Amino acid sequence: MSEPCGDRPAFHEWTIHGRDNIEGGTVMLQETIGIMFDSRMYRGIPAGRTGQESLANYEQAAASYGLTPCFLRLEDIDSDQKTCLAYVKKEGRYVRERMPLPSVIHNRSLQLRRTEQHQITKLMLQGIQVFNVRNRYRKDHIHDMLHQDLALREHLPRAVKATPESLAYMMEQYDDLVIKPCSGSIGHGIMRVFERDGQWKLTCETKAARKGWATFRLSKGQLPSATLRRIFRHAYLIEERIPLVRYEGRPVDLRVSVQRGSDGLWGITGMFAKAAPAHTFVSNIAQGGKVMKLAEALGLGESGFDLARLEYRIGLVALRIAQNLAASLPHLADLGLDLGITRSGQIYFIECNGRDQRYGFRKAGMSEHWKATYSKPMAYGRLLLEQNSRIPRQPQTYDRRLY
């Protein structure tokens, strides 16, 4: 992939991180947009206890596009009557009321049961636009999709589905591996298997360790039988561990927010770095990862990286990934991609998050980017409302193998 040259602007110069602009100052009618939450988060709305989701950011972003957000659950939708029970903010408090079902809904919930999938399909066939309709996909199938793109193969670590044969093969080929559940999240269930001085070791989560993680020596270079049974009984992915850049000796990866905005096209909203805690190799914020700006993580005075050029290259890879996935996964509009960088500057794909936990930007001191991650989906929702009658229907087919 090419790098900026001549008078081509650097990545951070040609990407707009703030709110999308409303073209021509057109006055728009106030319309309602739905934000769909899981039950647990939904129940916390009256008290403002919605974890890391910012209702205020949704409201501020929606208002700038002439929208009023209503917060709802799938189980509170009456698809036959096209109504729903939803929370709307009125006079400073959240009121739950029955109202017409919004024609555009941004999905922030996990819909994993077959009955839920059928409900969503029914809504979409009735003309309700639900974007990010699915937000959890199996890691092995995401890897396979991206591997079909020749331009992305150089950015993919070697990965195979876990079997007794593939584990033996990968341990012959590499001395540092990551084994992760295909359907896991926030770093749970991930293991590292590596060789040092002729001795194989395993790092994994364990309740017996004070910090939740421990490293064990492997007898005869073999994983414990209980671990093997878990890996082979469920779907796991074995991946070569990329030698990532380090911050204070700890591996660092990036979270890149890739979203559709008011023009319907993919764009980079922002990126931040995550350093793994000292006691583990997993950088997830929920596991205690340290969040910071990319420049701080790289120690640019010492690393020799050109920040503008690096951001530009990261942006190209992230956009290519989003466009590739969107070609196979209907209604995708909001992604958080985990990417890694080696000391030589090679960029690798690590993981795709369909329900990006945006608060990392806030923790990194990037409040404008944090707000922009809420603004972009509202801008895209406005676009869907304006073009609703002209958008081709893409009925979601739920292939169980993907999830």
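## Terms and model

Two strands pair if DSSP finds at least two bridges between them. Helices (H or I, at least four residues) and strands (E, at least two) are DSSP runs, numbered from the N terminus.

This is a predicted model, in which local features need pLDDT of at least 70, side-chain atom pairs count only at pLDDT 80 or more, and totals for chains, interfaces and linings use all residues. Residues are numbered from 1 along each chain as its sequence is written, and side-chain values use heavy atoms, with hydrogens and water left out.

## The six-stranded sheet

Six strands form an open sheet with mixed pairing, in the order β4-β3-β2-β1-β5-β6. β4 (93–100) and β6 (129–131) each have a single partner strand and stand at the edges, so one side of each lacks a neighbour in the sheet. From one strand to the next, the twist averages 35 degrees (axes are lines fitted to C-alpha atoms, for helices over the stretch in contact; angles run from 0 to 180 degrees between N-to-C directions).

Strand β3 (residues 83–90) runs antiparallel to β4, and eight bridges join the two. Opposite Tyr 87 stands Arg 96 in β4.

## Helices across the sheet

Helix α3 (residues 55–63) lies across β1 (31–36), β2 (67–78), β3, β4 and β5 (104–107), at about 120 degrees to β2. Helix α12 (residues 367–386) lies across β1, β2, β5 and β6, at about 125 degrees to β1.

## The whole chain

The chain has 12 helices and 18 strands. Of its 403 residues, 56% count as buried, meaning under 20% relative accessible area with a 1.4 Å probe, protein chains only.

Key:
Contact means heavy atoms within 4.5 Å. Buried means under 20% relative accessible area, exposed over 50%, partly exposed in between (1.4 Å probe, protein chains only).
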